[in-house]
Amino acid sequence: MTVRRPVAWTVAVVLFVEAVGVAALNWFLAAVVDRQDMSLAGLDPDMMSLSSKVGGVVFGLYFALCALVALLVALRDRAPAGLGRVLLISAAVVHGLLGAFSWGLVGPGAFLFMIVVLGLIVLLLMTYDAREQPAAGQRPEGGKGDEGSPVSPPPAPTTP
């Protein structure tokens, strides 16, 4: 039994929930800044509120797009390619960085969540990268072994 599809489904669900959570958290923080009507080092409170809302929407859409890639991987049972692969790798990097920062700012619970999501994304990427090799002693589906496909060694390296 392979774990590829369940991992892809789990990543998709977690990233969709995280997308909604990030957008809602930033919207809430924008409302708090708006209601306090206080300046931080001379910054305009309305601009801080607007930037928090925009940041929440942008990161929410980013995580939703990453979740959509994971959902397509789960539905198709194929490895992500091209832009989808880049999005998932960038999401893994973002979760690693957020995990590193969250330990000191939020606490070990947020750190643990970020690292679990990082692990799930890396597991998704790694399980689809593994080439399924025939077991030792088994022949490929051609039935005749290596007779039909000659193997040539790679060219020798040259020095300038």
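Residues count from 1 along each chain as its sequence is written. In this predicted model, local features need pLDDT of at least 70 and side-chain atom pairs 80 or more, while totals for chains, interfaces and linings use all residues, and side-chain values use heavy atoms, without hydrogens or water.

Me: What makes the largest one a pocket and not a cavity?
Reply: On a 1 Å grid over the protein atoms alone, a cavity is a set of points where a 1.4 Å probe fits but cannot get out, whereas a pocket is an open set with protein on both sides within 12 Å along at least five of seven lines. The label "pocket" therefore says the set is open.

Me: How much space is in the largest pocket?
Reply: About 510 Å³, where volume means the space filled by probe spheres set on grid points joined across faces, edges and corners. The second largest pocket holds about 220 Å³.

Me: Why do Val 22 and Met 114 count as lining the largest pocket?
Reply: Lining residues have an atom within 4 Å of a point, so each of these does. They are among the 17 lining residues, and α1 gives the most, six.

Me: Which residues of the second largest pocket lie nearest its centre?
Reply: Val 69, Leu 72, Arg 76, Ala 81 and Gly 84, out of 13 lining residues. α2 has the largest share, six residues.

Key:
Helix = DSSP H or I, 4+ residues; strand = E, 2+ residues; numbered from the N terminus.
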